[in-house]
Amino acid sequence: MDDNILPLMQGCLAKDGPSWKILLQTCTSIALNHHRKHYTFLTPGDTDTIVSNVYTKLFDGGLGKFSGGTKYELLRYFKTITKNETFSFLRQHMKRKRDESLDQDLGEDDDQTEFTHQDLLPDNSLRPDTIAQINDLYRKAMAQLSVRDQQILLYKIEGYKDREIAEFLDIPSNTVASSYGRLKITLQRNLVMAILIILSGRNWPWTTS
Amino acid sequence: MDDVMINMDLESKIKDALKGIDGFRTPDCLDDSTIGRFAENKLAEPQRLTAGNHLHTCIYCMKQLNDITELLHAQKHPVPLSPRLEALGKRITEQTSEHTQKKLGTSFFQRVKEMFSFTPQQWRFSAIGLATAWVVFLTTTAVMHQGNQGADKAGMPILDSSAFVKVQALSDAGTVLKEEQGVVIGSDGLIASKLSPLAGATRLQVTLKDGTTYQTDSLWKDEDKNLAVMRVGNKTLKAIPLGDISEIVGKKIYAVPDSPESSSGLQEALASDVKEFPGRKNDGGPKYIQVATQTVTSSKGAIVDEHGRFLGLLITEEKHVNLATSVEDITKLAATSQAIPLSQLKQVNFSGEAFNAYMKGILARDGQRWGEAIKFYQKAVKLNPHLEGAYVELGYAFYRVKDFDREADAYNAALNINPNNADALFNLAENLESHYKYPEAIVLYEKALAIEPEDMEVLYQAGLSYLAQGNRTKATEMYNRLKTLDRGNAEILRQLIK
C-alpha cells in the first residue's frame, strides 16, 4: 500500500477489483496480527469467521464511513473494525455457550471461562487525579530515556516478547534485551527521589475540586 | 523502600495507564498521521523535533506510537491466508470487477432522492418540534414579563442612609482631588471604600450625612481588591448592619451606587455565586461575590442584601456581571494587617479589567481548562503587571500543561513583585527539584520556612531535597520539625533517612 491512500480509496468506493484486493490484503494482515496477539484462545475457524465479518462490514459501506486521509489512520481503522467485530463475535459466542449450558442443565460453572467481557473493554475508571499523578511520574521517570527506550519499556510492560519488539522496531533482539536491562537500571538509579516526590503528591488542594 | 519496589510501582502505574489510556489524551496530543510519519521517520526536522519532544513526556502518544509501529509491521509482513478467507477475498474482488463506472451515476441520484424523501414519521417529528419551540417561546415571554413586573413591585430594602458617607481625597493645599462613597462598617469609626481614587492624596476627609467632617492620614489597603479601610473620629458612628454571605447565592441583592436617600436609586441584582480563592494551604482565602444585574448600565458601590445589611464592595464596574469583595474580607483587613500612612500611597496598581481576566482565569482553572486559564492570566498580568497572585496561578497552569520553563519564569515574576510569596517559593523549589537542582531548591525551601516555619509540606519536601543531596543531618532536622506536625509524612521521611 502506498503512503497516499487517496487513489486506493477512490478505487474501492468505485468498486474497483484490484483496489479491493490491496485493501483486503492489508486489512487481513492487521486483523490476523491483532488476533494472534490479543485473542490467543480463539480457534483458526473463529478467526476466519471474524475476519470474513470484517470483510462484509467494509464492503457493505463500512469503508464509506472512514474519514481519515492517511495510511496510518486507515490501518487504525482496520484495527478498530476488527476489534468491534471480535467483541460482537465473542458476545454472541458467550451467549450461545450460556444457553447451551442452561439447556443441558449443568449445575457447576463452565470451566472454560478464560475471559469475561469486562476484560476486553478498556478501563475508563481512572480518576483525573490518578491520571495527573501517573502523568507526573511518567514524565519524570522518562526524562532520561530516548523515545526508542520508552517504546521498548511500554512494549515490555504490555507483555510483548523480545523477538516481537525487535521485529517491530527493526533492531536485533539482543539489543532489545540489553536496552531493557540498561533502562531499568537507569530508572532505578536516577528516579528514586523524583518518584518519591511525586508519590508524596504535588497537587494543590485547590485543584482537587 | 528499596529500588525494586519503586520500579514495580512505576510499572504497575504504567500498566494502569495503558488500560485506561484514553483518559491520558490531552488537546496537545499528536494525531495518528503525525505519529505514523514519526514512526516511519518521514517527518521534516522541525516537526520531528516537536513531535519527539511531545512523545517524550506523553504516555498517550507513546502508546499510539507503539500501536502504529505494530500496525505498520503487520502491514509490511502479510500473513498467509486460510483457504476460506482466500476464497472470500476472491469473490469480493470478482464481484467488484463486474461493477462498472456507470453505477456511480445512479447512486448519486439515489442519494439526492433519499435526502429529500421524508417519511411521514419524520414529518410528524418536525411538526412536534416546531410546536414545542413555539410553546417554550410563549411561556418564557410570559414568565419574563411577569418577572419584570414582580421586580418593580418588590419592596426595596430600607437603608440607613446615615451609614453612607463621603470620602474625599485632599491634596496638600486642601483641594478635593477625588470623591468616593464610603460605608461605615464599624461603630468605632471604621469606614470602607475604594482604594484607587485615594492614591496621591495627603489627607482624607470623611463627611457624614449630618455634615460632620473627620480627617485622617492613614489607612489599611488591599491592592488586589482595590479596597481601603480607614478609621476616623473617636466617638461612635452609626454603622450599617453587617450581612452574612454564607447563604447568599441565588438571593436578591442591591447595589448602592451613590449616597442613597433611603431606598431610592438602588440597583437590583442577583448574587450568582461566591467565588473562593484558596491558596496552597486552603485556609479560607478571599471570597468574592459574583453579582449579576439585569440592567445594561454598569454597577458600582456597596452591595446590600434585602434587609439592607452590608455584604461587600463592588470591585469591577462592568455591565451585567461583577465581582465584589465580601464583608468578611473587609472586616478582616483592619484586624489582621497594619495601617499605612497615606503618604506611602503614591499610586495604586489596580486594573478592573486585569482583575476580571484573573478571575476568569481562575474559573477556567477550576474547570481544568488550562490553556484558557493561561490566556486569561497572561492578559491579567499584561494589564496589571503587579498581580503577583496571577503570576503564581500562571505558573501552576504552565505546570499542568507541562511547560516547565515558563512555569519557572512565572514564579520568578511573582517573586520579583514579592520576594516573600510563600506559594511562589514553594512551587519554584518543586520546579527546580524536578530538574534535579536540589541545592537551588533547598535555598528556596529555607526561605519559605523562614516565612512560615511550620509549613508541613515545605518541611517534608525540603527533607527530601536534603536527602537527595545526601545531607542526612539536615534531613533529620527537618524530620524532627515535622514529626509533631504531620506524622505520616514524617514517618516516610524517617524511613528514607535510615
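User: Which residue in strand 4 of chain B stands opposite Leu170(B)?

Analyst: In this predicted model, Arg203(B) of strand 4 of chain B stands opposite Leu170(B). Strand 1 (residues 164-170) and strand 4 (residues 203-207) of chain B run antiparallel and are joined by five bridges. Strands (E, at least two residues) and helices (H or I, at least four) are DSSP runs numbered from the N terminus, and two strands pair if DSSP finds at least two bridges between them.

User: How should I read the numbering, and what counts in a predicted model?

Analyst: Residues are numbered from 1 along each chain as its sequence is written, while chains are lettered from A and ligands numbered from 1 in the order in which they are written. As this is a predicted model, local features need pLDDT of at least 70 and side-chain atom pairs count only at pLDDT 80 or more, whereas totals for chains, interfaces and linings use all residues.

User: What's the strand order in the open sheet of chain B?

Analyst: The order is 5-4-1-2-3-7-6-14, an open sheet of eight strands with antiparallel pairing. Strand 5 (213-216) and strand 14 (340-341) of chain B are its edge strands, each pairing on one side only.

User: Which helix packs on that sheet?

Analyst: Helix 8 (residues 327-336) of chain B does, touching strand 2 (176-186), strand 3 (190-194), strand 6 (218-222) and strand 7 (227-231) of chain B. Its direction makes about 55 degrees with that of strand 7 of chain B, where angles run from 0 to 180 degrees between N-to-C directions and axes are lines fitted to C-alpha atoms, for helices over the stretch in contact.

User: And which strands close into a barrel?

Analyst: Six strands of chain B do, in the order 8-9-10-13-12-11 with antiparallel pairing. Neighbouring strands there are turned by 45 degrees against each other on average, direction ignored. Within chain B, three bridges join strand 12 (residues 310-314) to strand 13 (residues 321-326), and Ala324(B) in strand 13 is the bridge partner of Leu314(B).

Key: Two residues are in contact if their C-beta atoms, placed from the backbone, lie within 7 Å.
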